[in-house]
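Please examine the sequence and the model shown below before reading on.

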Amino acid sequence: MTTQHPDRAIWPPSAEDIPATAPGRVPALAPVRRPATPSATHGIRATTDQPDPQRQRPSKPDPGDGRRRRRWAKGPATLALAALLAGATIGLGLHPWVMPQPGQTPTAAAPTPPAGALFTQRQAAVNRARLPTPELANFASPWLGTIADCSADAISAAQRGNGETTRTRCTAGIVTSYWITYRNLADREAAQARYRAQATTTADLATGVATPTQRSTTAGRTVQYIEYAYRIPSGGRGGQIVAAIWWSDPTMPIAGVFTCYWDDLASSWMPLRDLWALAASTPVQR
């Protein structure tokens with residue numbers, strides 16, 4: 001059994017498929033007839049030199065054969081291209097993820113907050129709820145994520161400063177902070193005058209103290225800023241020096257105070273100023 005080549009069309013060959021030099025191919029022109037030569041035996045015609053009329057009849061190619069041959073000659077390439085396109089179509093249908101789909105862009109992931117941000121936000125919310133008024137909570141907001149353990153100061157009204165109506169105590173490590181409301185602006189201004197007077201004698205207790213001034217915070221608030229120090233007169237800590245920063249909104253009867261033992265600050269204002277500078281928008285001496 002003859003093995004057929006899959007890349008060749010199976011079709012009966014026409015006259016155009018046979019080379020001109022192939023055996024049995026009839027030339028396009030009729031052959032020259034030779035005169036019959038009498039053979040040695042008279043009366044008997046030699047048949048070897050006479051062509052057979054059936055064999056000498058020129059074959060007329062079927063005009064459809066050429067078209068069929070040309071059509072089938074293109075068959076292998078056409079079939080191969082069709083198979084390639086069909087395979088690509090099937091591949092795309094089965095694996096649509098191979099090629100990018102228009103209009104499908106990856107959604108950017110939400111940025112991850114820095115470490116500690118969520119804790120700081122929650123701590124600030126808790127501290128805000130423990131301050132007595134919204135005005136005081138807004139005033140203290142730059143530090144609410146840093147301080148902790150806020151509660152109403154346990155001292156009696158008689159022990160509070162002149163004109164104070166509330167005093168909330170919070171801690172920040174070695175620092176104790178107080179958030180104060182006054183009865184009115186006059187009482188707040190009287191407190192400011194007392195702390196200014198203490199600032200004039202502070203250089204002898206805590207060197208490097210800054211001069212009382214006005215400063216601006218990141219919220220655009222202008223505050224009265226005073227650094228001062230005092231010595232504890234008696235008790236278990238008697239004789240120790242306390243360094244403090246007092247500041248207040250000049251338009252509201254509220255104020256904040258940071259206090260710390262001078263020894264815990266390593267005899268330097270820099271750590272206490274650094275804590276206060278969380279709300280500062282202008283350079284602070286450190």
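## Terms and basis

A residue is called buried when its relative accessible area is under 20%, exposed when over 50%, and partly exposed in between, with a 1.4 Å probe and protein chains only. Helices (H or I, at least four residues) and strands (E, at least two) are DSSP runs, numbered from the N terminus.

The model is predicted: local features need pLDDT of at least 70, side-chain atom pairs count only at pLDDT 80 or more, and totals for chains, interfaces and linings use all residues. Residues are numbered from 1 along each chain as its sequence is written, and side-chain values use heavy atoms, with hydrogens and water left out.

## Overall organisation

The protein chain contains seven helices and seven strands. Read from the N terminus, the order of its elements is α-α-α-α-α-β-β-β-α-β-β-β-β-α.

Among the 286 residues of the chain, 29% are buried. Its accessible surface is about 19,300 Å², and carbon and sulfur atoms contribute 58% of that; such areas come from the Shrake-Rupley method with a 1.4 Å probe, and for residues only the protein chains shown count as cover. A contact means heavy atoms within 4.5 Å. Of the contacts in the chain with a separation of 6 or more, 52% are between residues 24 or more positions apart.

Helix 6 comprises 15 residues, 185-199. The expected span of a helix is 1.5 Å times one less than its number of residues; for helix 6 this gives 21 Å, and the end C-alpha atoms are 21 Å apart, in agreement.

Which residues of helix 6 are buried? They are D187, R188, A191, Q192, Y195 and A199. Viewed down the helix axis, the buried residues fall within an arc of 145°, so they line one face of helix 6; the arc is that of the directions from the helix axis to the C-beta atoms. An α-helix has 3.6 residues a turn, so residues three or four places apart point the same way. The buried residues of helix 6 pack against strand 3 (175-182), strand 5 (222-231), strand 6 (241-248) and strand 7 (254-261). D187 counts as buried because its relative accessibility is 14%. Beyond its neighbours within four places in sequence, D187 contacts N162, G163 and Y182.

## Strand 5 and its partners

Strand 5 is mostly covered, with seven of its 10 residues buried. Two strands pair if DSSP finds at least two bridges between them. Strand 5 pairs in the antiparallel sense with strand 4 (residues 213-216) over four bridges, and R215 stands opposite V223 of strand 5. Strand 5 also pairs with strand 6 in the antiparallel sense, over eight bridges; here E227 stands opposite I245 of strand 6.

## Residues with positive phi

Most residues other than glycine have a negative phi. D149, in strand 1 (residues 148-152), has a positive phi near 55° and is exposed, with a relative accessible area of 54%.

A266 has a positive phi near 60°. This residue lies in the loop between strand 7 and helix 7 (270-276), and A266 is exposed at 61% relative accessible area.
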